[in-house]
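Visitor: I would like to go through this model term by term and hear what stands behind each label.

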Amino acid sequence: MKHLSPLFVLTLFFIYVDETFAQTLQIKQPDGTGFQVGAKSGSDIAQTLVNNVIIIIFSISSLAVLIMMLWGAFDWITSAGDKEKIKSAQKKISTAIIGAVVLSLTFFIARVLGDIIGINFTGALKIPKLL
């Protein structure tokens, strides 16, 4: 028995190990950060899924509005007085402003509908405060 097979050693290891370390590790995620997981019932899972999808859509839409606004500003700065480029840049900026207004109205409507029917659609999505 000079050479024990690695499979035999591994089998002995798993037989004599009482508990795994993953069961005792407790990691607490700060409230209001990341996605929510671990819902208990079907309705909780559905609400969590809707909340997470809405957060992703609002985040991507806000980023798109910001990129569109910066793109229009960059085009305006680099237009060098060309009337056609300035009109194109103004159109991009006005489209971004309209997008921001529509995004804000959608957020407001989702909050009001959530209050009316008792579901918090925008649960983890917080509006930043200055003070």
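The conversation below takes the labels one by one and sets each against its cut-off.

Visitor: What kind of model is this, and what does pLDDT say about the chain?

Guide: This is a predicted model. The average pLDDT of the chain is 75, and 56% of the residues score at least 70. By element, the highest mean belongs to H4, at 89, and the lowest to helix H2 (residues 21–24), at 53.

Visitor: Which elements make up the chain?

Guide: There are 4 helices and 0 strands. Read from the N terminus, the order is α-α-α-α.

Visitor: How do you know that H4 has the span expected of a helix of its number of residues?

Guide: H4 has 35 residues, and the distance from its first C-alpha to its last is 51 Å. The expected span is 1.5 Å times one less than the number of residues. For H4 that comes to 51 Å, so the span is close to the expected one. The helix covers residues 83–117, and Gly 118, with a positive phi near 85 degrees, follows it.

Visitor: Why is Lys 92 called buried?

Guide: The cut-off for buried is under 20% relative accessible area. Lys 92 has 14%, so it counts as buried. Lys 92 belongs to helix H4, whose buried residues also include Ile 86, Ala 89, Ile 93 and Ala 96.

Visitor: What does Lys 92 touch beyond its neighbours in sequence?

Guide: Leaving aside residues within four places, the contacts of Lys 92 are Met 68, Trp 71, Gly 72 and Asp 75.

Visitor: What makes the pair of Lys 92 and Asp 75 a salt bridge?

Guide: The label needs a side-chain nitrogen of Lys or Arg within 4 Å of a carboxyl oxygen of Asp or Glu. For Lys 92 and Asp 75 the closest N and O atoms are 2.3 Å apart, so the pair meets the definition. Asp 75 lies in helix H3 and Lys 92 in helix H4, so the pair ties together parts that are 17 residues apart in sequence. Both partners are buried. The structure holds 1 salt bridge.

Visitor: Is Val 65 buried or exposed, and how do you know?

Guide: Val 65 has a relative accessible area of 18%, which is under 20%, so it is buried. Val 65 lies in helix H3. Beyond four places in sequence, Val 65 is in contact with Ala 96, Gly 99 and Ala 100.

Visitor: Why is Lys 87 called exposed?

Guide: Its relative accessible area is 57%, over the 50% cut-off, so Lys 87 is exposed. Lys 87 is found in helix H4. The C-alpha atoms of Lys 87 and Trp 76 are separated by 8.5 Å, and the two residues are 11 apart along the chain.

Visitor: How much of the chain is buried, and what covers its accessible surface?

Guide: Of the 131 residues, 18% count as buried. The accessible surface comes to about 11000 Å², and 71% of it belongs to carbon and sulfur atoms.

Definitions and conventions: Residues numbered from 1 in each chain as written. Predicted model: local features only at pLDDT ≥ 70, side-chain atom pairs only at ≥ 80, totals over all residues. Heavy atoms only, no water. Helix = DSSP H or I, 4+ residues; strand = E, 2+ residues; numbered from the N terminus. Buried < 20%, exposed > 50% of the residue type's maximum accessible area, 1.4 Å probe, protein only. Contact = heavy atoms within 4.5 Å. pLDDT = per-residue confidence, 0-100. Areas by Shrake-Rupley, 256 points an atom, 1.4 Å probe, with all protein chains shown as cover.
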